Amino acid sequence: MAGKWFGKLLGDKGERAAVRFLKRQGYSILAKQYRTDLGEIDIIALDRETVVFIEVKTRQNDLKGQPFEAVARQKQSQLTRLASSFLKNHQLLNSPARFDVISILWPVQKSAPEIQHFQNAFAPAGEFQFFT
């Protein structure tokens, strides 16, 4: 139980760091921890005119692989469904959109994380079509 609680704290800390990182890059944050019955998108941002759906993965180390490697096909399909729903509900279906992944390594002994930003990290999964 403590491991799950710590994982949530680390994940939230990583998402806050990702938001700061994105703002420094000129992104406008539209939503954080956007939840529906379909699941959650960590961050939804605007990069100029492009709506960006961002999955943030944070780990203390890379013993089980790099954080970005955890965004497997099933997660991509879920994010695609969530993104399509968001675009439809906010009348943004004609807007360019993409999926990014922010991978964070944040060892306990370090005050600052290592952040990697993968733009256009994966194509929409399933029958959905996006245009960037």
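**Close-up views of a predicted model**

Both Asp-47 and Arg-98 are buried (under 20% relative accessible area; exposed is over 50%, partly exposed in between; 1.4 Å probe, protein chains only). This is a predicted model, in which local features need pLDDT of at least 70, side-chain atom pairs count only at pLDDT 80 or more, and totals for chains, interfaces and linings use all residues. Residues are numbered from 1 along each chain as its sequence is written, and side-chain values use heavy atoms, with hydrogens and water left out.

**View A. A salt bridge joins Asp-47 and Arg-98.** Their closest N and O atoms are 3.1 Å apart. A salt bridge here is a side-chain nitrogen of Lys or Arg within 4 Å of a carboxyl oxygen of Asp or Glu. Asp-47 is in strand S2 and Arg-98 in strand S4, 51 residues apart. Helices (H or I, at least four residues) and strands (E, at least two) are DSSP runs, numbered from the N terminus. The count of salt bridges comes to six.

**View B. Glu-55 forms salt bridges with Lys-57 and Lys-75.** The closest N and O atoms are 3.3 Å apart for Lys-57 and 3.9 Å apart for Lys-75. Glu-55 is buried, at 3% relative accessible area. Lys-57 is partly exposed, at 24%. Lys-75 lies in helix H2 and Glu-55 in strand S3, so this pair ties together parts 20 residues apart in sequence. Elsewhere, salt bridges that share partners join Asp-47, Arg-48, Arg-98 and Asp-100 into one network.

**View C. The structure holds five aromatic pairs.** Rings of Phe, Tyr and Trp (its six-membered ring) pair if their centres lie within 6.5 Å; planes under 30 degrees apart count as stacked, over 60 as edge-to-face and the rest as tilted. Phe-53 and Phe-86 have ring centres 5.8 Å apart and planes at 80°, so they are edge-to-face. Both residues, Phe-53 and Phe-86, are buried. Phe-99 and Phe-122 are stacked, with 4.7 Å centre to centre and 20° between the planes. Phe-99 lies in strand S4 and Phe-122 in the segment after strand S5, so the pair ties together parts 23 residues apart in sequence. Tyr-34, Phe-53, Phe-86, Phe-99 and Phe-122 form one aromatic cluster.

**View D. The charged end of Lys-13 sits over the ring of Trp-106.** The distance to the ring centre is 4.3 Å. The rule asks for NZ of Lys or CZ of Arg within 6 Å of the ring centre and within 35 degrees of the ring normal.
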